[in-house]
Amino acid sequence: MTTQIRFAFLLCVAGVAAAQNATEQQPAAQQGRGQTRAPRYVPEDHRPPLFLRESFKETPKGTNETPVTAEFLTSPNLELKLYGPGKGDIQIVHHESPKDEPSYIWTGLCSAPCALALRDKNNYVDLTGLSKIRWRSKQAGFHVLRPILKLADAGWLVGDPGDGYTVDWRETEMSIGDMRWRRFDAEHVSEGNDGRWVEKPDLSKVDEIGFTDLTIGSGHGAGGSSRLDWIEVYGNPVPRSAGATGATRQH
């Protein structure tokens, strides 16, 4: 009988201890349930909007090559910038044939390297995150069309990979985060002379966006040249009143 009493007493003590422990833990559990966790950041849920699209104005079919100027821009918010010793030779063209041929920018008459860029009058563009560039182009010969960026600190970059030869018009989408960059000499339209990749450039404030094939055109015919129908840039606008940064590091 004594043993049974002792066993019952131990069970009672254990039960009291367990109940006390549960009571002590209850406020802590309730406090944890009351806290709000920060939502997980999902980049795909924050895709940047369309920052600019330029398709250039249609010229009448059969129009001979015409030097491109700002009057061919469709967006009143954009400025046209031309670079390189061959900049005056960049043309806008609209052939009679093929019948579905668009008006397009053409570098075939550039007797020296040339480049074209677009500048939003009111905003820089933030090209970080899932930003991208899309365009419709057609290259001939060994010409490779590459994006160029002017940073807010006036430094220039040219991107890799570019868009090479294709038998027909092709739409290309380039993820900025997947690209590598070199310094770009906009005056001469060439790679920077240090020959190094730019490591993790600050693309949070980009001043101008454009393209170049870094070489001369071969003239009329089926030789080397680049054609561009339209270009789109996806990124977040940054008001120009916010100031200018854009430092880069190299390796």
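Contact here means heavy atoms within 4.5 Å. Keep that cut-off in mind for Leu 116. Leaving aside neighbours within four places in sequence, Leu 116 is in contact with Phe 56, Val 68, Leu 80, Lys 81, Leu 82, Ile 90, Ile 105, Ile 148, Gly 210 and Phe 211.

Some ground rules. This is a predicted model, where local features need pLDDT of at least 70, side-chain atom pairs count only at pLDDT 80 or more, and totals for chains, interfaces and linings use all residues. Residues are numbered from 1 along each chain as its sequence is written, and side-chain values use heavy atoms, with hydrogens and water left out.

Now the core. A nonpolar core is a set of buried Ala, Val, Leu, Ile, Met, Phe, Trp, Tyr and Cys residues joined through side-chain atoms within 4.5 Å. Buried is under 20% relative accessible area, exposed is over 50%, and partly exposed is in between (1.4 Å probe, protein chains only). The largest such core has 35 residues. Ile 105, Leu 116 and Leu 203 have the most contacts inside it. Strands supplying at least two residues each include strand 3 (78-83), strand 6 (115-120) and strand 15 (206-212). Strands here are DSSP E runs of at least two residues, numbered from the N terminus.

Next, Asp 213. It sits in the loop between strand 15 and strand 16. What is the nearest side chain of opposite charge to Asp 213? Arg 146, and it is 9.1 Å away. Lys and Arg count as positive, Asp and Glu as negative; His and the chain ends are not counted. So Asp 213 is buried without a salt bridge, a salt bridge being a side-chain nitrogen of Lys or Arg within 4 Å of a carboxyl oxygen of Asp or Glu. The side chain of Asp 213 does make polar contacts: 2.8 Å to that of Thr 107, and 2.9 Å to that of His 143. A polar contact is a pair of N or O atoms within 3.5 Å; within protein, one must be able to donate a hydrogen and the other to accept it, and residues adjacent in sequence count only if both atoms are side-chain atoms.

Last, charges. The count comes to 17 salt bridges. Glu 79 bridges to Lys 81 at 3.8 Å, N to O. Glu 79 also bridges to Arg 119, with the closest N and O atoms 3.3 Å apart. Glu 79 lies in strand 3 and Arg 119 in strand 6, so this pair ties together parts 40 residues apart in sequence. Glu 79, Lys 81 and Arg 119 belong to a salt-bridge network that also links Lys 150, Asp 207, Glu 208 and Arg 240.

Technical notes. Helices (H or I, at least four residues) and strands (E, at least two) are DSSP runs, numbered from the N terminus.
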